[in-house]
Amino acid sequence: MALLRVPFSKISIPEAKTQLRNEPGKAGEKGNLIPTMTEIMESSIAQNLHLQLHTLGPFFRISAKSLETKQELGRAEGLVRVWLGGKILHLDSIRMRRDTLGMEKSIFGLGLFVGAVAIRHGFDSGCKKAELLAINDTDVFHSKLVRFYTRMGFKVVHEVDGSSMGDLAHMLVWGGKGTRMDADIEELLVKWGRRFKASSK
């Protein structure tokens, strides 16, 4: 299968048993805006997608298949890691088939649905923050990645260009140079909650 790889960094995720978490959102006014995993999954069906969350310990993989052709259209990988400030959702990579670029979904395409499952999984796992590296393979592609994740709700933390000892540590973790970006998980879910809640009804 020819895939268009949109990397944060590179990691090999082992096969795992499929699990779908359908826990409700948090109570309160803000919690009512947060989409449940069920709502995200149901909204994907309206876009002719079948999403699955696979987990193995702290690692996760999300796959998206076409309900018509049963072919895999894309996937995302990452892990939930424990840090001094609490759990963090570490997003590693998103891979999408080239023919999904023409699919009629949101302006963010397939990546929005796959990303929403990842963010909700982080929320259910107790993560407060999501982190990624917008990899810098080429200047043009890198700038598009940064704009994409900025519109999603991520904020630039640090430019990893290899010019410092600290950058070397980042490059070992992420597998390359690029722009480190973070986002508040609850804020992301609230920002895009109406998109999934409306689609699931």
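**A buried arginine, a cavity and a nonpolar core**

Arg-120 counts as buried because its relative accessibility is 0%, where buried means under 20% relative accessible area with a 1.4 Å probe and protein chains only. The model is predicted, with local features requiring pLDDT of at least 70 and side-chain atom pairs pLDDT 80 or more, while totals for chains, interfaces and linings use all residues. Residues are numbered from 1 along each chain as its sequence is written, and side-chain values use heavy atoms, without hydrogens and water.

Arg-120 belongs to helix α2, residues 110–124; helices are DSSP runs of H or I with at least four residues, strands are E runs of at least two, and both are numbered from the N terminus. A polar atom of the Arg-120 side chain lies 2.9 Å from the backbone oxygen of Pro-35.

Helix α2 also supplies the largest share of the lining of the largest cavity, 7 residues. A cavity is a set of points on a 1 Å grid over the protein atoms alone where a 1.4 Å probe fits but cannot get out, and its lining residues have an atom within 4 Å of a point. The largest cavity holds about 230 Å³ of space. Of its 22 lining residues, Gly-115, Ala-116, Ile-119, Met-152 and Phe-154 are the closest to its centre.

The largest nonpolar core has 45 residues, and Ile-62, Leu-89, Leu-91, Val-117, Ile-119, Phe-154 and Ile-185 touch the most other members. Such a core is a set of buried Ala, Val, Leu, Ile, Met, Phe, Trp, Tyr and Cys residues joined through side-chain atoms within 4.5 Å. Helix α2 gives the most to this core, with 9 residues.

Key:
Buried means under 20% relative accessible area, exposed over 50%, partly exposed in between (1.4 Å probe, protein chains only). A polar contact is a pair of N or O atoms within 3.5 Å; within protein, one must be able to donate a hydrogen and the other to accept it, and residues adjacent in sequence count only if both atoms are side-chain atoms. On a 1 Å grid over the protein atoms alone, a cavity is a set of points where a 1.4 Å probe fits but cannot get out, and a pocket is an open set with protein on both sides within 12 Å along at least five of seven lines; lining residues have an atom within 4 Å of a point. Grid points are joined across faces, edges and corners, and a volume is the space filled by probe spheres set on the points.
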